[in-house]
Amino acid sequence: MESQLLELLREYFPEAEHIEVTGFEPIPGGYSRETYRFDAVVRSSVGEEHHPLILRKDPPAAVSILQTSREIEHDLIEALRMHTDIPIGRSLGHEPDPERFGEPAMVIQRMHGNSRTSDLFHDGPDVHHADDVMRHLCEVLVELHSVDISTIDPHGRLADPRGEGVDATTWDTYIDTTVEYYIRSFPDVNFDPTVTFVLDLFLTLRRNKPRPLPLVLVHGDFNPANFLYEGGRVTALIDWENARIGDPREDLGWMTTMDILSNTNVMAHPVDEGGFLAYYNKLTGFDITQDEVDYFTLFGTANIAVPVNAAIKRRLDGETTEFMHLYLVQSSLGTVPNLLRLLDYPGVSQ
Amino acid sequence: MNTSPSIDQMLEGVLISISTDILPNVVNPKAAATAQMMQSVIQGIRQLLPVYDQYLAEEHNQMLGVLREVAGTIVGSSGPAADRIRERAAALANSAELPMPLDRDAVMAAHRRLGVALQESMIDLDELQRAGDTDADAGLEAIRGHLGPRIARDTQTFLVGDALLGRG
């Protein structure tokens, strides 16, 4: 793979006289893409430069949990870098041709900062930075939710990136068509009758729509593992593959779910502002209620539950032998009690 | 309880992953040998699981018979050892044989049939609710009242640890 990588880097650094790849190794974590860290040492007539980089490669289609486009992710990252102050690593380019790496891939800048965000919670070494980091994280999220969609996504490719018939023309059409996509997908995610509660979740979303808010660009996988920090600041928001046009409360709801699954506590900070939601409301004036966050906790969970449970079903149907998909049967249970509580199941506590 | 994945499917998945994800990347021969021993033990467990309850019950009932038979073979013997054997058989005289456990595949199939029926009922209830039939709310409540504690119990039983592994 390293020789193919060198070929690609020569395209990204055409002025280079010599390029060397060092420290190439896989990065654990990230459930949907295969990622490798490496340094590119680029020598040219003007001197030698060291570039900390990441190769982000699609897994084979049958194994893939989220079917997303590296081209769209690349274009989004570069648009956000150009038009916002959101901390985000540069995308050097994408390789759509599977000939080179076996599957489409992209090369992005490896940002500095601590990726072990669990260090910010419980007895972690950086708990004293938790308030400042989450304050900045909230400000970054607000900036993301404030971007001009037509500037960032001029061709409308983020309106329905999964190609599932989602219509983001208005808030109502967005919610209606997205929930219809969830319900329509149920046979593909129904790997066992116990997932009846997932069906209940989808149907409940359709029956109980909250008030509308303006549609925005959402990160789509806003969770405690998708940012880096240093000191009291976020140094990068990472993993943009599930970004799309959506309701801003989706990112808040998904973070609520992932706080539980990750044993973190992002939503409780910054404490002096009354927590993440209160600070978000202060910055945006959206006045989002906890009930609305609860709805979008279910909505955002459904958005990920569809591809995740579909991957589990493909594994159980024998289409793949990927172990990760079996592990997800167990690990995803951590979020279930909270979902049942939000659905008002009798006798269930968080 | 899930019927899919079954316990056997999960163990098989671990075996496959040891072969494809772990062993090719293990450079220490002792670690590789340990991984292979783990595969052997896991495969053994897969073979044990379908028959374990049945064999325990069968063997229990056979042991009852053997202990009585042993006492019958020494009717002419005397002394403390022979007395202890007879006492043991007499003490077991009233012990009932254990029933044979149900075939797990049959139980899983029956469980699955009803699970699907609950699912189909939920879809029908949703149709009634959307048509304004408020009686359907109680029907949904009944299904939720069954599923909630059950799924909570499954979660308590099967979940390990308090965070996703392999992430930041």
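Biologist: In the largest nonpolar core, which residues touch the most other members?

Modeller: Those are A:Phe202 and A:Ala302, in a core of 85 residues. Keep in mind that this is a predicted model.

Biologist: And which helix gives the most to this core?

Modeller: Helix H10 of chain A, residues 290-316, which puts in 14 residues.

Biologist: Back to A:Ala302, what does it touch?

Modeller: Leaving out residues up to four places away in sequence, A:Ala302 touches A:Tyr182, A:Leu201, A:Phe202 and A:Leu205.

Biologist: What's in the second core?

Modeller: That one is separate and has 14 residues, among them A:Leu5, A:Leu8, A:Ile54 and A:Val107.

Biologist: OK, helix H1 of chain A then. Which of its residues are buried?

Modeller: H1 runs over residues 2-12, and A:Leu5, A:Leu8 and A:Leu9 are buried there. Looking down the axis of H1(A), the buried residues fall within an arc of 105°, so they line one face of the helix.

Biologist: Zooming out, how many helices and strands does chain A have?

Modeller: There are 12 helices and 9 strands. The radius of gyration of chain A is 20 Å, close to the 20 Å that the globule rule gives for 350 residues, so chain A is as compact as a globular protein of that length.

Biologist: What share of chain A is buried?

Modeller: Buried residues are 47% of the 350 in chain A. As for contacts with a separation of 6 or more, 63% of those in chain A are between residues 24 or more positions apart.

Biologist: New topic: how many residues of chain A are in contact with chain B?

Modeller: 36 residues of chain A, against 37 residues of chain B.

Biologist: Which helices of chain A supply at least two residues each to that side?

Modeller: H7 (196-207), H8 (249-262), H11 (323-331) and H12 (336-342). The largest share, 6 residues, comes from H7(A).

Biologist: How does that side divide into nonpolar, polar and charged?

Modeller: On the side of chain A that touches chain B, 19 residues are nonpolar, 13 polar and 4 charged.

How values were computed
Residues numbered from 1 in each chain as written. Chains lettered and ligands numbered in written order. Predicted model: local features only at pLDDT ≥ 70, side-chain atom pairs only at ≥ 80, totals over all residues. Helix = DSSP H or I, 4+ residues; strand = E, 2+ residues; numbered from the N terminus. Rg over C-alpha atoms; globule rule 2.2 N^0.38 Å. Buried ≥ 20, exposed ≤ 12 C-beta atoms within 10 Å, placed from the backbone. Contact = placed C-beta atoms within 7 Å. Core = buried A, V, L, I, M, F, W, Y, C linked by C-beta atoms within 7 Å. Arc of directions from axis to C-beta. Nonpolar A, V, L, I, M, F, W, Y, C, P; charged D, E, K, R; others polar.
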